[in-house]
Amino acid sequence: MVMATTQSNRLEERFRLWDRNGNGVIEREDFAREADEIIARLGAQGTPKADQLRQAYLGMFDKLSAAAGADRLSRNQFLAAAEQEIIGKGDAGFGAVVRPTIEAIVGVLDRSGDGEISPSEMHAWFAAIGLEGEVADRAFRDLDTDGSGKLSVAELVNAVRDYHLGRNDIPLLGR
């Protein structure tokens, strides 16, 4: 039951964060606004990778919206759609809904072009989503499960999954 409570609390927190204008529903524009703010904080405006990040965020909204059968998601609709499309489908759900966004974030952050995130790139990401440098350092150490000194897309998707399942406290998609 603790796991279910953690999932619910984290999904509710996600709803509050994605309801960018505070009107009690999540709309496509809320996702666009969040993506645009992250892109601006990373200084990536006008680049093809920024466009990919924006499209990934919008794609995530579109998947949840389609599952809910609505173009605006109330709290309950969002919770039900996220449970159905992400949490309930396990790795496949996180792969289908979350992975494209993580891949796009990595694309924007990856200055070296190796397809992975270095500690300095992690700092840039965490600064863009409003988290402190010490949090980035600790998160990097915790998430580098293969000890390579870099974070792969798979490690990051697993981290988002584990956050929502209550297995870690690292909010990679922001606070």
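Visitor: What does the side chain of Glu155 reach?

Guide: In this predicted model, the side chain of Glu155 reaches the backbone nitrogen of Thr145, at 3.0 Å. Glu155 itself sits in helix H8, residues 153–164.

Visitor: And which residues is Glu155 in contact with, leaving aside its neighbours within four places in sequence?

Guide: Those are Leu143, Asp144, Thr145, Asp146 and Lys150.

Visitor: Which side chain of opposite charge is nearest to Glu155, and how far away is it?

Guide: That's Arg99, 11 Å away. A salt bridge needs the nitrogen and the carboxyl oxygen within 4 Å. Glu155 has no salt bridge, yet it is buried.

Visitor: OK, salt bridges then. How many does the structure hold?

Guide: There are 14 salt bridges. Take Glu37 and Arg20: their side chains meet in one, at 1.8 Å from N to O. This pair links distant parts of the chain, with Glu37 in helix H2 and Arg20 in the loop between H1 and strand S1, 17 residues apart.

Visitor: What about Glu85 and Lys89: how far is it from N to O?

Guide: Their side chains meet in a salt bridge at 3.1 Å. Glu85 is buried because its relative accessible area is 16%, while Lys89 counts as partly exposed at 43%.

Visitor: Which residue forms a salt bridge with Arg161?

Guide: Asp91 does, with the closest N and O atoms 2.8 Å apart. Here too the pair links distant parts of the chain: Arg161 is in helix H8 and Asp91 in helix H5, 70 residues apart. Arg161 counts as buried, at 13% relative accessibility, whereas Asp91 is exposed, at 52%. Salt bridges can also share partners, and that joins Asp91, Arg161, Asp162 and Arg167 into one network.

Visitor: Let's move to rings. How many aromatic pairs are there?

Guide: The count comes to five. One of them is Phe15 with Phe78, 5.9 Å centre to centre, with 40° between the planes. When you read the angle, planes under 30 degrees apart count as stacked, over 60 as edge-to-face, and the rest as tilted. So this pair is tilted, given its 40°.

Visitor: Where do Phe15 and Phe78 lie in the chain?

Guide: Phe15 is in helix H1 and Phe78 in helix H4, 63 residues apart, so the pair links distant parts of the chain. Both fall under the 20% cut-off for buried: Phe15 has a relative accessible area of 7% and Phe78 has 1%.

Visitor: Why is the pair of Trp18 and Phe31 tilted?

Guide: Their planes are at 35°, so the pair counts as tilted, and the ring centres are 4.3 Å apart. Trp18 belongs to helix H1 and Phe31 to helix H2, 13 residues apart. Trp18 and Phe31 are buried.

Visitor: Which residues form one aromatic cluster?

Guide: Phe15, Trp18, Phe31, Phe61 and Phe78 form it.

Visitor: Last one: which ring faces do Arg10 and Arg14 lie over?

Guide: Look for a charge above the ring centre. Arg10 lies over the face of Tyr163, at 4.1 Å from the ring centre. Arg14 lies over the face of Trp18, at 4.7 Å.

Notes. Residues numbered from 1 in each chain as written. Predicted model: local features only at pLDDT ≥ 70, side-chain atom pairs only at ≥ 80, totals over all residues. Heavy atoms only, no water. Helix = DSSP H or I, 4+ residues; strand = E, 2+ residues; numbered from the N terminus. Buried < 20%, exposed > 50% of the residue type's maximum accessible area, 1.4 Å probe, protein only. Lys, Arg positive; Asp, Glu negative; His and termini not counted. Polar contact = N/O pair within 3.5 Å; in protein donor to acceptor, adjacent residues only side chain to side chain. Contact = heavy atoms within 4.5 Å. Phe/Tyr/Trp six-rings, centres within 6.5 Å; stacked < 30°, edge-to-face > 60°. Lys NZ or Arg CZ within 6 Å of the ring centre and 35° of its normal.
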